[in-house]
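Trainee: Hi! Could you walk me through this one while I have it open?
Mentor: Happy to, let's look at it together.
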Amino acid sequence: MYKLILKARGQEFKYTCSADVTPLRAARNQFIPIPTGCQQGGCGMCKVKVLNGEYEQKLVRSHEALSDEELANGYALACCMIPKSDLEIITIEDYEKVKNEVQIR
Ligand code: FES
């Protein structure tokens with residue numbers, strides 16, 4: 001069982017995720033508010049930036065949901081990845097806000 005930290009909606013949520021479950025499924029099972037859409041790698045609603053930890057990105061059905069470049073830069077789809085260690089992830093929405101705040105300073 002891995003420990004996950006999800007940054008979403010300006011908050012930090014800590015929860016657990018087993019090695020054969022996606023972070024999205026584990027979050028939903030524990031009533032953690034993670035953005036969710038198709039749950040099949042097609043829409044990109046669940047896109048996250050991985051801040052820490054190891055993971056395996058499984059099948060992505062649409063390049064619009066996750067491009068090769070994003071994949072190479074540590075972005076992932078929470079609905080079709082599995083953790084390989086403890087993970088710290090942040091939703092794209094929150095990550096963009098943090099990036100903008102850093103640029104403003
Ligand atoms: S929920 Fe649609 S790509 Fe993950």
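Mentor: One term before we start: two residues are in contact if their C-beta atoms, placed from the backbone, lie within 7 Å.
Trainee: Got it. What should I know about the model itself?
Mentor: This is a predicted model, where local features need pLDDT of at least 70 and side-chain atom pairs count only at pLDDT 80 or more, while totals for chains, interfaces and linings use all residues. Residues are numbered from 1 along each chain as its sequence is written.
Trainee: Is I34 buried or exposed?
Mentor: I34 counts as buried because 23 other C-beta atoms lie within 10 Å. The cut-offs are 20 or more other C-beta atoms within 10 Å for buried, 12 or fewer for exposed, and partly exposed in between, with C-beta atoms placed from the backbone.
Trainee: A78 was on that list. What does A78 touch?
Mentor: Not counting residues up to four places away in sequence, A78 touches T22, P23, L24, I34, C46, V48 and I89.
Trainee: Which residues touch the most other members of the largest nonpolar core?
Mentor: C46, A76, L77 and A78, out of 23 residues in that core. Strand 1, helix 1 (23–29), strand 3 (47–52), strand 5 and strand 7 each supply at least two residues of this core. A nonpolar core here is a set of buried Ala, Val, Leu, Ile, Met, Phe, Trp, Tyr and Cys residues joined through C-beta atoms within 7 Å.
Trainee: Switching topic: what order do the strands of the sheet have?
Mentor: The open sheet of five strands runs 2-1-7-3-5, with mixed pairing. Strand 2 (11–17) and strand 5 (75–77) are the edges, each pairing on one side only. Two strands pair if DSSP finds at least two bridges between them.
Trainee: In what sense does strand 1 pair with strand 7?
Mentor: Strand 1 (residues 2–8) and strand 7 (residues 87–91) pair in the parallel sense over four bridges. L6 has I89 as its bridge partner, and K7 has I90.
Trainee: How many bridges link strand 1 and strand 2?
Mentor: Seven, in the antiparallel sense; Y15 is the bridge partner of L4 there. These two strands form a hairpin with two residues between them, and R9 in the turn has a positive phi of about 55°.
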